Amino acid sequence: MKRPHLNRRLTLERPARAADGAGGFNETWTAIGQLWAEVSARTGSERRVGGAARSQMRFKIVVRNAPMGAASRPSPDQRFREGDRVFVIRAVAERDPAGMYLTCFADEEVAV
């Protein structure tokens, strides 16, 4: 297995909840840190949501491994950001037997 080309700097974000004063909450996103990654497209589709077209792309994002429980280890409740682009993490798996890299399977939705 060849080494990944980690050439894109992504910001890892986690959700944060804040009370909205009406018994509910607002969800915001907080940056945890930045990771170098290899980003490659997998599949894409288009669907209608509420009468509007949405383009959905699936990506494979490879980053360096971090120990379980470390803040720098991506998890499915988080997302990556690159400028205005947002990649929602759906699953994370070790990429290689030595455990040097992680593969994150992520989705990006864009309004068309």
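Which residues is valine 63 in contact with, leaving aside its neighbours within four places in sequence? In this predicted model, the contacts of valine 63 are Leu35, Trp36, Ala37, Pro74, Phe80, Tyr101, Leu102 and Cys104. Val63 also belongs to the largest nonpolar core, which holds 14 residues. Within that core, Ile61, Val63 and Phe80 touch the most other members.

The protein chain has six strands and zero helices. Its pattern along the sequence is β-β-β-β-β-β. The C-alpha trace spans about 50 × 35 × 20 Å along its principal axes. Among contacts with a separation of 6 or more, 52% join residues 24 or more positions apart.

One aromatic pair was counted. Phenylalanine 59 and phenylalanine 87 form this pair, with 5.1 Å centre to centre and 80° between the planes. The arrangement is edge-to-face, because planes over 60 degrees apart count as such. The pair links distant parts of the chain. Phenylalanine 59 lies in strand 3 and phenylalanine 87 in strand 5, 28 residues apart. Phenylalanine 59 has 7% relative accessibility, so it counts as buried. Phenylalanine 87 has 0% relative accessibility and therefore counts as buried.

Of the 112 residues in the protein chain, 30% are buried. The chain exposes about 7,100 Å², and carbon and sulfur atoms supply 50% of this area. The chain carries 19 positive and 13 negative charges. The mean positions of the positive and negative charges are 4 Å apart.

Definitions and conventions: Residues are numbered from 1 along each chain as its sequence is written. This is a predicted model: local features need pLDDT of at least 70, side-chain atom pairs count only at pLDDT 80 or more; totals for chains, interfaces and linings use all residues. Side-chain values use heavy atoms; hydrogens and water are left out. A nonpolar core is a set of buried Ala, Val, Leu, Ile, Met, Phe, Trp, Tyr and Cys residues joined through side-chain atoms within 4.5 Å. Buried means under 20% relative accessible area, exposed over 50%, partly exposed in between (1.4 Å probe, protein chains only). Contact means heavy atoms within 4.5 Å. Rings of Phe, Tyr and Trp (its six-membered ring) pair if their centres lie within 6.5 Å; planes under 30 degrees apart count as stacked, over 60 as edge-to-face and the rest as tilted. Helices (H or I, at least four residues) and strands (E, at least two) are DSSP runs, numbered from the N terminus. Accessible areas come from the Shrake-Rupley method with a 1.4 Å probe; for residues, only the protein chains shown count as cover. Lys and Arg count as positive and Asp and Glu as negative; His and the chain ends are not counted. The place of a charge is taken as NZ of Lys, CZ of Arg, CG of Asp or CD of Glu.
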